[in-house]
Structure formats: structure tokens, C-alpha cells
Amino acid sequence: MLLTLIILGLAALIGTSESRTSCFGNINNVDTTGASCKTSTQEGLRYCGVPASEKIAEKDLNNMKKYKTIIKSTGQKKCVDPAVIAALISRESHAGTLLKGGWGDNGNAFGLMQVDKNHHNIVGQWNGEDHLLHATQILIDKIKKIQKKFPRWSMEQQLKGGISAYNGGEGNVRSYDKMDVGTPGDDYANDVVARAKFYKKNGY
């Protein structure tokens, strides 16, 4: 009995892996329509929606494995689901394969998570953990701004809004249903959420 209490106490003190990466909601509970037909077409697919997002994420899965350790470490340190980080990496740089010397967007965005040099400092190596920690903190800041802007939204809705704001800024998020209007493909958060659910199923 005493041993059981000690074990339970330690578990509560340490917390589960899930609890240390879910401070901003459960990605599996976030609704999504997946990739728009515009995004899907650009990716060479003839179908849209969640299946398209999953296929795009699957294409990046092998390259993503290179960064799995630092993705999971960043998730633990920032209490953000590693699957969300992986999904952002997939959407922003196709796991680094779109980058030239670590840069994308005509030399304006840096690293796996494409931090805009015009709005943020550049931290670390393009494929290193310091970069992921910095970019994930930017995501967290966006989520917190959405929390203040829409306090009545559920935690999962605020998470989705923060993901959209990571790309388009919190000012672009005016309503829940149309938060992605104005983002590339008009689907940023919906696509990222669908990809995140795929990565969640694949060990992230």
C-alpha cells in the first residue's frame, strides 16, 4: 500500500509525457477541414481535405525523422505537442527540403519553422533545437494573444487560432470559422492541424 502511494505520488509529481506537452490543448480534439484544394493542387494532389493533408505529411515523414529527437525535446521543454511542431515544420519547409542554406521565402524566412527575419531575431542553426525552441515560443506567444482576444473560445479553439496566427498574425484571426482566410491557400491552421494528427499517430 505504501509503495503504491509512493508510486502514485511520484507519477503526480513528475507528470506524464502527455501532460508535459499539452499545456495548450489536445490536438486530437481540434476540428479541421484539412488542406484546401489550392494547397492540394500545389502539392500535386487531385483531392483535398484531411486526406490531402495526411498524404503531404506522409511525404515528409522520412525527412522529419532526422529531427524527431529535437522536436520531441522542444515539445517537452515548451509544453507543446511535438506533433504540432512537426506539422508546422512540414507546412513551412517540407522538413527542410525546400530550404537553401537554411533559408526560404526568398531569403526572408529562416529554418525548419521559417521564422521571418523582418519580425523576429534569428536564433541558432536552421536545423537545430535552439531554432525550434525560438520558433515554438513564437507559436506560444501567438496562442496567448488569441487566448486574450477570444477568452470564450475553448482551449483547442485557441490552439487552432494560435496556429493560424503563427502564419498570418493574430490580427488576421477575426472569427473561428474564417481564421484561415488570408493565409496561403486559405487553409493554414486547418492543414497544420490535420498534419499534426497524422504525426501524432506516427510517434510524435
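How much of the chain over residues 71-178 is helix and how much is strand, and how far apart are the end C-alpha atoms? Over this stretch the chain is 51% helix and 6% strand, with 29 Å between the end C-alpha atoms. Helices (H or I, at least four residues) and strands (E, at least two) are DSSP runs, numbered from the N terminus.

A quick note before the views. This is a predicted model, where local features need pLDDT of at least 70 and side-chain atom pairs count only at pLDDT 80 or more, while totals for chains, interfaces and linings use all residues. Residues are numbered from 1 along each chain as its sequence is written, and side-chain values use heavy atoms, with hydrogens and water left out.

**View 1. Residues 71-178, as annotated.** UniProt lists this stretch as "domain: Transglycosylase SLT", in an unreviewed entry. UniProt positions are given in the numbering used here, feature names are shortened, and annotations may be inferred rather than shown by experiment.

**View 2. The largest pocket.** Its volume is about 690 Å³. Of the 27 residues that line this pocket, Glu92, Gln114, Asn167, Pro184 and Tyr188 are the closest to its centre. Helices H2, H5, H6, H7 and H8 and strand S3 (115-116) each supply at least two lining residues. Sorted by class, the lining has 9 nonpolar, 10 polar and 8 charged residues. Here Ala, Val, Leu, Ile, Met, Phe, Trp, Tyr, Cys and Pro count as nonpolar, Asp, Glu, Lys and Arg as charged, and the others, Gly among them, as polar. How is a pocket found? On a 1 Å grid over the protein atoms alone, a pocket is an open set of points with protein on both sides within 12 Å along at least five of seven lines, whereas a cavity is a set of points where a 1.4 Å probe fits but cannot get out; lining residues have an atom within 4 Å of a point. Grid points are joined across faces, edges and corners, and a volume is the space filled by probe spheres set on the points.

View 3. Glu92 sits in helix H5, while Asp105 is in the loop between strand S1 (103-104) and strand S2 (109-110). Is Glu92 buried or exposed? Glu92 counts as buried because its relative accessible area is 18%; buried means under 20%, exposed over 50%, and partly exposed in between (1.4 Å probe, protein chains only). Leaving out residues up to four places away in sequence, Glu92 touches Leu112, Met113, Gln114, Tyr166, Asn167 and Tyr188. Contact means heavy atoms within 4.5 Å.

**View 4. Arg91, also in H5.** Arg91 lies in helix H5 and is buried, with a relative accessible area of 15%. Beyond four places in sequence, its contacts include Thr39, Pro184, Asp187 and Tyr188.

View 5. Most residues other than glycine have a negative phi. His94, not a glycine, has a positive phi of about 50 degrees, and Gln114, not a glycine either, has a positive phi of about 50 degrees. You'll find His94 in the loop between H5 and S1, and Gln114 in the loop between S2 and S3. His94 is buried at 12% relative accessibility; Gln114 is buried at 11%.

**View 6. The largest cavity.** About 40 Å³ of space lies inside. Thr21, Phe24, Gly25, Val80, Asp81, Val84 and Leu159 line this cavity, giving 4 nonpolar, 2 polar and 1 charged residues.
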